[in-house]
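The following paragraphs lead the reader through a sheet and then a ligand site. Please keep the sequence and the model in view.

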Amino acid sequence: MQSYQPQTINIPVCKPYLWENEIRYVNEALHEGWISSKGRFINDFENKFASFCKSRYAVTVSNATNALHLAIDVLGLGDGDEIIIPDFTMMAPVFAILQNRCIPVFVDIDETWNMDVDQIESKVSKKTKAIMVVHNYGHPAYMPAIKRICDKHGLLLIEDCSEAIGAEVDGEFIGNWGNISCYSFYANKIITTGEGGMITTNDPKIFELVKSKKNMAFGTEQFRFEHTAVGYNYRMTNIQAAIGLGQLEYVDHAIEKKIQIANLYMRYLNGVPGVVFPPNKPWAKNVYWVFGILVTEEFGCSMAYLQSILSAQGIETRNFFTPAHKQPFLKGLAIKGEFPNSTFIHLHGLYLPSFVALKDSEIEDICNIIKDTQQGLNR
Ligand SMILES: Cc1ncc(COP(=O)(O)O)c(C=O)c1O
C-alpha cells in the first residue's frame, strides 16, 4: 500500500518573522543564565508592552488560553455566573469560561464579524456578570457601545485582544475599555514568543492578583510557602520574553505590513464576483491579523473547490472558525438563540496567506488563481 504523502505547502497561511534583535536577546538570556521565569527580559517586555498598549500594567503569562482562565478567576467569577460572548470566536475564551464553571451565553455577530452590539442587552439576565469581547481577525468590536451596556447593567468587561493587537476604536486602542484584557503570542500572531501571552489592566488590585495567582500565589518572604489562594503556574520564561521584546520593537512595522498585505489583496481582487472583503468600519483600525474573505454563491463554485485549486498550487488557506453553537463539546449546553450571521461566515469564510514576509508577487499570484477560478479557467 502506498503511504500517504502530505501536500507540500509552498505558501503557508502564516509563519513567524524574526526582525532584528530576537536572537541576540535570547543569547543574552542564555548566557546570563536566566532561562526560567525570572529575568530582565520579563520586566522589560512587560513594561514596554504596557507602554505600547497604553495600559497601566502588563503581566506575562504562558499563553492566552491561560490568560483568559486567570482573567475570569481574578474577577471573582464562578459557579453559574453568565458571561456573554460572541458565538463566532476561536474557542479558547469559551474554554476559559467553562473552566471557571461559568456559563457562556452566545450572541450572533454583525457585519464587523464581532459580537452584535444591538443583540447584547437581550442576553442580559439576573445571572449575567460579565461580557467577554473577542476582537475577531484584527477588526475591533465597537467598544463604546459595549462599555455603555456594561455600565448600565453593572457588568464586568473582559477583552480578548489575541487577534487584534494595535487595533483601534475611535482612535483608542483596544484593551483599555474594560477591567482586564488578554493577548496571545502564539507563533501565528502579529507578535510572537513561540507560545505566550499577556494580561493587561489599569486596576492595581487586579494587577496584584494576576501577578500572584499566575505564580502559585506564593506568600511573601519567610511565608513564601503559605499560599494566599489557589495559584497556577502560568509563567512565561525569560527566553520567551527575550523573543517578545525583539518582536515588540517592530510591532508597528508588523501591523503596517499586515495592513499593506490586506490592501494589496483588495486591490487585486477588487470587483471579483462573490468575493466579500473583511470589514473595515470608519471608526475602526483593522490590523488584519489574517486576511479573511467570504466566498459567496456569485463566485460560481464552492469555497472548498477554490481551496482545492489553491492547495494544488501549494497555497494554504484556512477555514473560518466553527461557531460555538456548532461545537461538539457544547452539545450538552442548551444554547438559546439564532446565529445566522455567524453560520454564514463560518460556511463561506476562508483566510489567505498573510505573513509579514509574504511577497507582493505571491499575493498577485494567489489573486490570479482566484480570479481564474472564478472565471472558470481552472474548472
Ligand atoms: C481570540 C483568541 N483567544 C485566545 C487564543 C488562544 O491563544 P493561545 O494559543 O496563546 O493560548 C487564540 C489563539 O489563536 C485566539 O485567537
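Strand 6 (residues 168-169) runs antiparallel to strand 7, and two bridges join them. Strands here are DSSP runs (E, at least two residues), helices likewise (H or I, at least four residues), numbered from the N terminus; two strands pair if DSSP finds at least two bridges between them. Across this pairing, Glu 168 stands opposite Phe 173 in strand 7. The open sheet has three strands in the order 7-6-11, with antiparallel pairing. Its edge strands, strand 7 (172-173) and strand 11 (284-285), each pair on one side only.

The model is predicted, so local features need pLDDT of at least 70 and side-chain atom pairs pLDDT 80 or more, whereas totals for chains, interfaces and linings use all residues. Residues are numbered from 1 along each chain as its sequence is written, and side-chain values use heavy atoms, without hydrogens and water.

Attention now turns to the ligand.

For Ser 162, a polar side-chain atom lies 3.4 Å from a ligand nitrogen atom. The protein covers 92% of the 390 Å² of accessible area (Shrake-Rupley method, 1.4 Å probe) that the ligand has on its own.

Definitions and conventions: Polar contact = N/O pair within 3.5 Å; in protein donor to acceptor, adjacent residues only side chain to side chain.
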